[in-house]
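Please read the following alongside the coordinates.

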Amino acid sequence: MDNVAPDQARAALDAAERARQQVAEEVGLPRWYWWGMAGGWLALGAIGELGPQWLTIAATVAFGIGHSTVASRLLDGRRRTDRLQVSAAVAGRRTPIVVIGMLLGLVALTVGAALALNADGAHHPTIWAAVLIAAIIGFGGPEMLRTLRHWVHA
């Protein structure tokens, strides 16, 4: 066996850590997850605006159950594609907390946008607020998650 010099060992360890970080940065949720979330957001906005209160409550509960069922499999952030699955240590154990925090922030943004649109006299402010947030989720969900994960070192 060849002896490895300390500087060679350090270089090898640094290269391995850079590779691990590169893979961790690629971890996220599949694109279909974000578009499904956007579609659900639109549906809830339309039901909330146009439907009776009982239907809004039932749809919200159904959306929550459906999302938690799907998210329970995906929320660890380890499966960006069907071909990539990394350990939780590489993916970061804070990813579920980041996603939940992001969703709570999007709910607050939806409510704020609907209130602002309503105060401005817009017709169907709930639907328009849902359209705005659904576009943000569908087009920007992966990027938002990646940025938030970076900010909290997840």
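**Salt bridges and core**

At 36% relative accessibility, arginine 146 counts as partly exposed, because that class lies between the limits of 20% for buried and 50% for exposed. The model is a predicted one. The side chain of Arg146 forms a salt bridge with that of Glu143, with an N to O distance of 3.9 Å. Both Glu143 and Arg146 belong to helix α6, where they sit three residues apart, about one turn of the helix.

Glu143 is itself partly exposed, at 34% relative accessibility. Its side chain also meets that of Arg31 in a salt bridge, at 3.7 Å from N to O. Arg31 lies in helix α2 and Glu143 in helix α6, so this pair ties together parts of the chain that are 112 residues apart in sequence. Arg31 has a relative accessible area of 38% and is partly exposed.

Arg10 and Asp14 are both in helix α1, which spans residues 6-26, and they are four residues apart, about one turn of the helix. Arg10 is partly exposed at 47% relative accessibility, and Asp14 is partly exposed at 31%.

Which residues have the most contacts inside the largest nonpolar core? They are Leu29, Tyr33, Trp34, Trp41, Leu103, Leu106 and Ile137, in a core of 17 residues. Helices α2 (31-50), α5 (95-119) and α6 (125-151) each supply at least two residues of this core. Helices α2 and α6 are also the two that hold Arg31 and Glu143, respectively.

Leu103 can be followed in more detail. Leaving aside residues up to four places away in sequence, Leu103 touches Tyr33, Met37, Trp41 and His67. Among these, Tyr33 and Trp41 are also listed with Leu103 as residues with the most contacts inside the core.

Note on methods: Residues are numbered from 1 along each chain as its sequence is written. This is a predicted model: local features need pLDDT of at least 70, side-chain atom pairs count only at pLDDT 80 or more; totals for chains, interfaces and linings use all residues. Side-chain values use heavy atoms; hydrogens and water are left out. A nonpolar core is a set of buried Ala, Val, Leu, Ile, Met, Phe, Trp, Tyr and Cys residues joined through side-chain atoms within 4.5 Å. Buried means under 20% relative accessible area, exposed over 50%, partly exposed in between (1.4 Å probe, protein chains only). Contact means heavy atoms within 4.5 Å. A salt bridge is a side-chain nitrogen of Lys or Arg within 4 Å of a carboxyl oxygen of Asp or Glu.
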